[in-house]
Amino acid sequence: MTPSSLYERMVDRRVRKLAPLWESRIGETGLRLNAETWVRFKLGWLTAVLGCAVFAPVIWSGAAAEVTVPLVLAVLITSGALMCSALPVIKRHMKATMQHLGLPEKPAITAQALQSPEDFDIWLLETRQYHNLEE
């Protein structure tokens, strides 16, 4: 199993899990991008946790700084890079969601609105009222 196929399987599993609640609200493209963002953040956190599990015993055993500092930096850089790779996907997710809803990109969807379907419905109602008042 290659890392890319594992990544795709994780994204597909997340899409299937969220589809009943979210697909009609944010669209198929938005849902897929949402799942990709979630997987990338989780992989970044998993890398950080596993890295801590590796370098904590190394540090406690009294290893030299020549060993521990590069190990800590490698874990930080890897997990940070995985999490930062989600930022462009988040932007595409927001754009796809707003296009699916037929709303202008500004004001964009909030992170709180994506926490639950109820929060999303409240945000959508407020946003549509805002745009109707503005027109």
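Axes here are lines fitted to C-alpha atoms, for helices over the stretch in contact, and angles run from 0 to 180 degrees between N-to-C directions. The views below show a predicted model, in which local features need pLDDT of at least 70 and side-chain atom pairs count only at pLDDT 80 or more, whereas totals for chains, interfaces and linings use all residues. Residues are numbered from 1 along each chain as its sequence is written, and side-chain values use heavy atoms, with hydrogens and water left out.

**View 1. Packing of helix α1 against helix α2.** The axes of α1 and α2 (residues 65-84) come within 7 Å and cross at roughly 170°, where helices (H or I, at least four residues) are DSSP runs numbered from the N terminus. That angle makes α1 roughly antiparallel to α2, given that angles under 35 degrees count as roughly parallel, over 145 as roughly antiparallel, 65 to 115 as roughly perpendicular and the rest as oblique. Among the residues that make the contact (heavy atoms within 4.5 Å) are Gly-44, Trp-45, Thr-47, Ala-48, Gly-51 and Phe-55 of α1, together with Leu-71, Val-75, Ser-79 and Leu-82 of α2. The residues of this contact divide into 14 nonpolar, six polar and one charged; here Ala, Val, Leu, Ile, Met, Phe, Trp, Tyr, Cys and Pro count as nonpolar, Asp, Glu, Lys and Arg as charged, and the others, Gly among them, as polar.

View 2. At 7% relative accessibility, Ser-79 counts as buried, a class defined as under 20% relative accessible area, with exposed meaning over 50% and partly exposed in between (1.4 Å probe, protein chains only). When residues up to four places away in sequence are not counted, Ser-79 touches Gly-44, Thr-47 and Ala-48.

**View 3. The contact of helix α2 with helix α3.** These two helices pack at an angle of about 15°, with their axes 5 Å apart, and α2 and α3 are therefore roughly parallel to each other. Leu-82, Met-83 and Cys-84 of α2 make the contact with Ala-86, Leu-87 and Pro-88 of α3, and the residues of this contact divide into six nonpolar, no polar and no charged.

**View 4. A network of salt bridges linking Glu-8, Asp-12 and Arg-32.** Glu-8 is joined to Arg-32 with the closest N and O atoms 2.7 Å apart, while the side chains of Asp-12 and Arg-32 meet at 2.6 Å, N to O; a salt bridge is a side-chain nitrogen of Lys or Arg within 4 Å of a carboxyl oxygen of Asp or Glu. Glu-8 is partly exposed, with a relative accessible area of 35%, as are Asp-12 at 30% and Arg-32 at 25%.

**View 5. The salt bridge between Asp-121 and Arg-25.** In this pair the closest N and O atoms are 3.0 Å apart. Asp-121 lies in helix α4 (residues 117-134) and Arg-25 in helix α1 (residues 3-60), so the pair ties together parts that are 96 residues apart in sequence. Asp-121 is partly exposed, its relative accessible area being 36%.

**View 6. The largest nonpolar core, with 20 residues.** Such a core is a set of buried Ala, Val, Leu, Ile, Met, Phe, Trp, Tyr and Cys residues joined through side-chain atoms within 4.5 Å. Trp-22, Leu-31, Ile-109, Leu-114, Phe-120 and Trp-123 touch the most other members. The elements that give two or more residues to this core are α1, α3 (86-101) and α4, and α1 gives the most, with 10 residues.
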